Amino acid sequence: MRLIFRFSIPVHKGNQAVSDGTLALALRSLVERVKPEAAYFHLDDGCRAGTIVFEATDQLQMAEINEPLFAKLDAKIDIQPAIGLEELLEKI
């Protein structure tokens, strides 16, 4: 199942995480864990944010992905399933 994983990090916590290296470690760990087909980092309402597209095989994987971002970065997380255009056209 392809997922779009969006997160945003509050400014204060993000500044702290940049200073102490937590942000780089958390993002590196996330990318290594999910092996995304695409990963973008941007601003969302003035906060550091990211959008990562990846394949998940097990719903239990979500807790492993979410918890470090919640615990270390106070991240707000949104996850949506998605399909590509070719997959959609096969279904309709």
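In which strand is Ile-52 found? The legends below concern a predicted model, and the first of them takes up this residue.

Figure 1. Ile-52 is found in strand E3. Because its relative accessibility is 0%, Ile-52 counts as buried. Ile-4 lies 48 residues away from Ile-52 in sequence, yet the two C-alpha atoms are 5.8 Å apart in space. With residues up to four places away in sequence not counted, Ile-52 touches Leu-3, Ile-4, Phe-5, Phe-7, Leu-30, Val-34, Pro-36, Ala-38 and Ala-39.

**Figure 2. The largest nonpolar core and its contributing elements.** This core has 19 residues, of which Phe-5, Phe-7, Leu-30, Phe-54 and Leu-69 touch the most other members. At least two core residues come from each of strand E1 (2–9), helix H2 (22–34), strand E3 (47–55) and helix H3 (61–73). Helix H2 gives the most, with 5 residues. In soluble globular proteins, nonpolar side chains tend to be buried together.

**Figure 3. Contacts of Phe-5.** Phe-5 counts as buried because its relative accessibility is 1%, which is under 20%. When residues up to four places away in sequence are not counted, Phe-5 touches Leu-30, Gly-50, Thr-51, Ile-52, Phe-54, Ile-65, Asn-66, Leu-69, Ile-77, Asp-78 and Ile-79. Two of the residues in this list, Leu-30 and Leu-69, are also named with Phe-5 among the core residues that touch the most other members.

**Figure 4. Aromatic pairs and the ring cluster.** The count comes to 3 aromatic pairs. One of them joins Phe-5 and Phe-7 in a tilted arrangement, with 6.1 Å centre to centre and 50° between the planes. Phe-7 is buried, its relative accessible area being 4%. Phe-5 also pairs with Phe-54, in this case edge-to-face, at 6.3 Å centre to centre and 65° between the planes. Because Phe-5 lies in strand E1 and Phe-54 in strand E3, this pair ties together parts that are 49 residues apart in sequence. Phe-54 counts as buried, at 1% relative accessibility. Ring pairs link Phe-5, Phe-7, Phe-41 and Phe-54 into a cluster.

**Figure 5. The largest cavity and its lining.** The structure holds 1 cavity of 30 Å³ or more. About 60 Å³ of space lies in the largest cavity. Its lining consists of Ala-26, Ser-29, Leu-30, Arg-33, Glu-64, Ile-65, Pro-68 and Leu-69. Helices H2 and H3 are the elements that give two or more residues to this lining. By class, the lining has 5 nonpolar, 1 polar and 2 charged residues. Leu-30 and Leu-69, both in the lining, are also among the core residues that touch the most other members.

**Figure 6. Surroundings of Ser-8.** Ser-8 is found in strand E1. The relative accessible area of Ser-8 is 11%, so the residue is buried. Leaving aside neighbours within four places in sequence, Ser-8 is in contact with Asp-44, Cys-47, Arg-48, Ala-49, Asp-74, Ala-75 and Lys-76.

Terms used:
Residues are numbered from 1 along each chain as its sequence is written. This is a predicted model: local features need pLDDT of at least 70, side-chain atom pairs count only at pLDDT 80 or more; totals for chains, interfaces and linings use all residues. Side-chain values use heavy atoms; hydrogens and water are left out. A nonpolar core is a set of buried Ala, Val, Leu, Ile, Met, Phe, Trp, Tyr and Cys residues joined through side-chain atoms within 4.5 Å. Buried means under 20% relative accessible area, exposed over 50%, partly exposed in between (1.4 Å probe, protein chains only). Helices (H or I, at least four residues) and strands (E, at least two) are DSSP runs, numbered from the N terminus. Contact means heavy atoms within 4.5 Å. On a 1 Å grid over the protein atoms alone, a cavity is a set of points where a 1.4 Å probe fits but cannot get out, and a pocket is an open set with protein on both sides within 12 Å along at least five of seven lines; lining residues have an atom within 4 Å of a point. Grid points are joined across faces, edges and corners, and a volume is the space filled by probe spheres set on the points. Ala, Val, Leu, Ile, Met, Phe, Trp, Tyr, Cys and Pro count as nonpolar, Asp, Glu, Lys and Arg as charged, and the others, Gly among them, as polar. Rings of Phe, Tyr and Trp (its six-membered ring) pair if their centres lie within 6.5 Å; planes under 30 degrees apart count as stacked, over 60 as edge-to-face and the rest as tilted.
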